[in-house]
Amino acid sequence: MIVAFIPPGDARWLDVLERTPHDVYHLPHYARFAARHEGGTPCAFYARSHRRALLIPLLVRPLPADIGAPPGWSDAASPYGYPGPIATHPLDRAWIQQSLKAFHQLARAHRILTAFLRLHPLRGIPHETIAACASTVHHGDVVYVDLTRTDEQIWADTCTNHRRNIKRILEAGFSESIDDWSAYPSFPPLYRTTMDRVNASRFYFFSDAYFRDLREMFPGQLHLSTIRAPHGAIAAAGLFTHTNGIVEYHLSGTAAEFRQHAPSKLMLDAVRRWAARIGAAVMNFGGGTGGQGNSLFEFKSGFSRSRAPFHTARLIFDAALYAAVTRTSADRGATLVSDAGFFPVYRKPLAAQGQHVGVAPLTAAAVSPAART
């Protein structure tokens, strides 16, 4: 078996994607994009033997300086989203588990202490296979729409309240459009005011550079949906990706003065109809805030009855060192939270400072609070 950590420019990365169902989060340029805005070095764990290959996109970061780790140690995490492990032969349980054991050995040799993986709810390796080699946590379900069904079937699965709101806003003269990029400069402030209104984590207040890079690095894969009021003002807008037959709900915002009209419902209905027209197979709405069932999840549930479980996987490559730095973190006053709430422990919030050690809270990943507008 050949195993390596490969950079985004390595041809082997694209070779796996060409032979494997994947999403935007698995693309090498998505890893580069995530590294710019989340920090760390983009790479992927790669394993191959014969025609079989496995890929795990990662961001590798130095360990926090104040946890007592030896010099040169790092940890790894999936970029924001659902870039979990994918394989050309996802049902070959024995080979995949052999590859994951090789991942453990190679990471340890490269002084990588832990890995936090966000598994894809609709693509990738079966959860049961990964769970045999790693600790996994179920964070709730995502809502998705099977776009191979007819418009009538999709509409019938939409809850009565959503259908009533969509009909009313159309009758009121609101209009929808896809990829009217003249509206894009208005999106970041619209999005941020929405994040303020819902008291989102600071992680979600993305910079202007984030939105610029998103547009520049994903031409043809990033799409903008805009809902305008009868007089032309933007009532709601959202960003979506389309890659390899999967449409992902990324970010959205709603103008406060139009909230009573529920323009985000028209936006999501318009996007799922557009996605079906262009031949996409599935649209993933994501789950609730932090992956949990809450008002955001209930809102999304009104668009479909289809659900898929979302899991994360946690791997510790050096148990003794992990225990040592965890004790140091506790001595510094890190707030104790459940294992399901934060991993690795040494990046937990500091109670005294009210801030995070290292990166943003990992349980917030893969679901967007912007979706509830």
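Start with the largest nonpolar core: of its 74 residues, Tyr 184, Phe 187, Phe 211, Leu 268 and Met 283 touch the most other members. A nonpolar core here is a set of buried Ala, Val, Leu, Ile, Met, Phe, Trp, Tyr and Cys residues joined through side-chain atoms within 4.5 Å. Buried means under 20% relative accessible area, exposed over 50%, and partly exposed in between (1.4 Å probe, protein chains only).

This is a predicted model, in which local features need pLDDT of at least 70 and side-chain atom pairs count only at pLDDT 80 or more, while totals for chains, interfaces and linings use all residues. Residues are numbered from 1 along each chain as its sequence is written, and side-chain values use heavy atoms, leaving out hydrogens and water.

**Leu 268.** Select Leu 268 next. Leaving aside neighbours within four places in sequence, Leu 268 is in contact (heavy atoms within 4.5 Å) with Phe 240, Tyr 249, Met 283, Phe 285, Phe 299 and Phe 303. Then jump to a second, separate core of 26 residues, which includes Ile 96, Phe 103, Ile 112 and Ile 130. In soluble globular proteins, nonpolar side chains tend to be buried together.

**Helix 3.** Select residues 93–109, which make up helix 3. Helices (H or I, at least four residues) and strands (E, at least two) are DSSP runs, numbered from the N terminus. Helix 3 has 17 residues and reaches 24 Å from first C-alpha to last, close to the 24 Å expected at 1.5 Å a residue. The expected span is 1.5 Å times one less than the number of residues. Buried residues in helix 3 include Trp 95, Ile 96, Leu 100 and Phe 103. Step past the end to Arg 111, where phi is positive, near 55°.

**Helix 9.** Now take residues 263–277, helix 9. The end C-alpha atoms of helix 9 are 21 Å apart, which agrees with the 21 Å that its 15 residues should span. 12 of the 15 residues are buried, so helix 9 is largely enclosed by the rest of the structure. Among the buried ones are Lys 265, Leu 268, Asp 269, Arg 272 and Trp 274. Just after the helix, Gly 279 has a positive phi of about 90°.

**Thr 158.** What does the side chain of Arg 272 meet? The side chain of Thr 158 makes a polar contact with it, at 2.6 Å. A polar contact is a pair of N or O atoms within 3.5 Å; within protein, one must be able to donate a hydrogen and the other to accept it, and residues adjacent in sequence count only if both atoms are side-chain atoms. Thr 158 is in the loop between helix 5 (151–156) and helix 6 (160–171). Its relative accessible area is 2%, so Thr 158 is buried.

**Tyr 80 and its partners.** The model has 33 aromatic pairs. Rings of Phe, Tyr and Trp (its six-membered ring) pair if their centres lie within 6.5 Å; planes under 30 degrees apart count as stacked, over 60 as edge-to-face and the rest as tilted. Select Tyr 80 and Phe 203: this pair is tilted, 5.7 Å centre to centre, with 40° between the planes. The two residues are 123 residues apart. Tyr 80 is buried at 5% relative accessibility, whereas Phe 203 is partly exposed at 22%.

**Last stop.** The charged end of Arg 215 sits over the ring of Trp 181, 3.7 Å from its centre. Such a charge needs NZ of Lys or CZ of Arg within 6 Å of the ring centre and within 35 degrees of the ring normal. Finish at Arg 202, which lies over the face of Phe 205, 3.9 Å from the ring centre.
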